[in-house]
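Okay, thanks for coming, everyone.

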Amino acid sequence: MTVHTPIYLDYSATTPTDPRVAEKMIPFLTEHFGNPASRSHPFGWTAEKAVENAREEVAKLVNADPREIVWTSGATESNNLAIKGAANFYSGKGKHIVTIQTEHKAVLDAVRELERVGFEATYLAPEPNGLVDIEKFRAALRPDTVLASVMLVNNEIGVVQDIEALGNICREQGIIFHVDAAQATGKVNIDLEKLPVDLMSFSAHKTYGPKGIGALYVRRKPRVRLEAQMHGGGHERGLRSGTLATHQIVGMGEAFRIAREEMDLENARIRRLRDRLLTGLQEIDEVYVNGDMKQRVPHNLNISFNFVEGESLIMAVKDIAVSSGSACTSASLEPSYVLRALGRSDELAHSSIRFSIGRFTTEEEIDYTINLMKSKIGKLRELSPLWEMHLEGVDLSKVEWAAH
Amino acid sequence: MAYSDKVLDHYENPRNVGTLDKNDPTVGTGMVGAPACGDVMKLQIKVNEAGVIEDAKFKTYGCGSAIASSSLVTEWIKGKTLDQVMEIKNSDIAEELALPPVKIHCSVLAEDAIRAAVADLKAKQGNTQEAA
């Protein structure tokens, strides 16, 4: 079987919309174009029915009540609505927020914005394996803490936080607990009837649905209140105004239905591919896995290749579509803040690659990737004075570099 | 980031990659940059009795532009005298490779590498002359 390049191994950035999903969406652009808020004719009724069916599918994947699901434009909006909405609603109780340094920017920047308007925030460092220490989390909470936000699955390193333990601590102390689950749906089981979580953000396009649609879970019992961030026609019980994007919502519903039905089988297959990739790459010297390997989704492998520079690495591997820990397009080289928070050196953070595997990845593609990495890493190390020094036994940390 | 064809060519087929014996009295070695800054260049030159660079080798840890800048200077400096290579400016390198503004530092580093290699060689030869 031939392999077509570039090979897509960036499923954590986005996934293709599953053809079954796309097919379901199309009639809601053309035939069933009604506004779900139109109560006076069948065009509206058909659209409303489709929206409510989709709401049920989303709720089912995470074992929630459909009335707890609010449509948004994506996980970024869900995170903003949850964090700003809850912090502002409960600000009479206190003005302190706890989150983790490795959260997605949509969480970190929403918290930063709250700091700008008078809140205080604690950005807790994870352990070197990317996981949050439960006792350190407990210690970070204060009497005036109103909200804590911790992601379920990390987007860069794929580690899975112990949401149940963290949520129980928040429950004990009456703190609203928000969880960004954008990277988690279809990858880990989520049972919101059991999990002590008040707010949870979802995205469709990370789970083979369309871009531009997401949802926020807002717990009903005990009831969680939010201040709306988008004002208008009072859609979604006033929490998020704006005409519902019926076709997008139908797509998210179908994507989440497929995820619920197929995730067990799919995850087993993806885990085999990921382990094959890991075994292959570990035949290369001086490679370091970033993030815990046990408490991790099977879809993610984040690896640093020592003694090669990140941007040249990305150039070398243009036959595969992956993400790098290095933001090279900016004037100042900025290594991944997630890897830095784990205590990785700048060099290792720069030379990291996130491989994320998904529904359409094949074994041939994994084997091609292993061979490509072996040959390109070899070539770049041949070029690298640092690799040469390493082979000569020079301790690079003791060298005095002529910094510029 | 879009690279110029010349950068891509040097990156895909770097010229004069390798290592010369750094203990050879006719070899000058310049190592500039730092791993934490994202680039380290090692440039080595070997001069003949007439003071002309007859061989040059490099190794670079860095982005495509850094690799291309160092590869290019090894081509430029071969056959030139030490005084001539000291006249190579980073702007010449940046212009030849059509480096974008965010990559100008790569050409600066390549210029620094030439100067460091020449300085190393002169220091070595100064020492030998004094000893003789």
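Let's start with chain A: buried residues make up 56% of its 404 residues. Keep in mind that what you're looking at is a predicted model.

Chain A has 12 helices and 15 strands. As for charge, chain A carries 47 positive and 55 negative side chains, with the centres of the two sets 6 Å apart.

Now over to chain B. Here we have 5 helices and 3 strands, and reading along the sequence the pattern goes α-β-β-β-α-α-α-α. The radius of gyration is 14 Å, close to the 14 Å from the globule rule for 132 residues, so chain B is as compact as a globular protein of that length. Its C-alpha trace spans about 55 × 30 × 20 Å along the principal axes, and 49% of its residues count as buried. Chain B exposes about 5600 Å², with 51% of it from carbon and sulfur atoms.

Next, the inside. In soluble globular proteins, nonpolar side chains tend to be buried together. Which residues have the most contacts inside the largest nonpolar core? They're A:Phe305, A:Phe355 and A:Met373, in a core of 62 residues. Within chain B, helix α5, residues 104-131, gives the most to this core, with 8 residues. There's also a second, separate core of 52 residues, and A:Val160, A:Val197, A:Leu244 and A:Met263 are among its members.

Let me zoom in on A:Phe305. Setting aside neighbours within four places in sequence, its contacts include A:Leu281, A:Ile284, A:Val287, A:Ile353, A:Phe355 and A:Met373. The list also has A:Glu286, A:Ser351 and A:Arg381 in it.

Staying in chain A, have a look at A:Gly310, which sits in helix α8, residues 310-316. Is A:Gly310 buried or exposed? Its relative accessibility is 2%, so A:Gly310 counts as buried. Not counting residues up to four places away in sequence, A:Gly310 touches A:His350 and A:Ser351.

A few backbone details before I stop. Chain A has a cis peptide bond between A:Thr5 and A:Pro6, with omega at about -5°, and A:Pro6 belongs to the segment before β1. Another cis peptide bond joins A:Lys221 and A:Pro222, again with omega about -5°. You'll find A:Pro222 in the loop between β8 and α7.

Over in chain B, B:Asn16 has a positive phi of about 60°, although it's not a glycine. B:Asn16 is in the loop between α1 and β1, and its relative accessibility is 17%, so it counts as buried. B:Ala98, also not a glycine, has a positive phi of about 55°. B:Ala98 lies in the loop between α4 and α5, and with a relative accessible area of 49% it is partly exposed.

Technical notes
Residues are numbered from 1 along each chain as its sequence is written. Chains are lettered from A and ligands numbered from 1 in the order in which they are written. This is a predicted model: local features need pLDDT of at least 70, side-chain atom pairs count only at pLDDT 80 or more; totals for chains, interfaces and linings use all residues. Side-chain values use heavy atoms; hydrogens and water are left out. Helices (H or I, at least four residues) and strands (E, at least two) are DSSP runs, numbered from the N terminus. The radius of gyration is taken over C-alpha atoms; the globule rule is 2.2 Å times the number of residues to the power 0.38. Buried means under 20% relative accessible area, exposed over 50%, partly exposed in between (1.4 Å probe, protein chains only). Accessible areas come from the Shrake-Rupley method with a 1.4 Å probe; for residues, only the protein chains shown count as cover. A nonpolar core is a set of buried Ala, Val, Leu, Ile, Met, Phe, Trp, Tyr and Cys residues joined through side-chain atoms within 4.5 Å. Contact means heavy atoms within 4.5 Å. Lys and Arg count as positive and Asp and Glu as negative; His and the chain ends are not counted. The place of a charge is taken as NZ of Lys, CZ of Arg, CG of Asp or CD of Glu.
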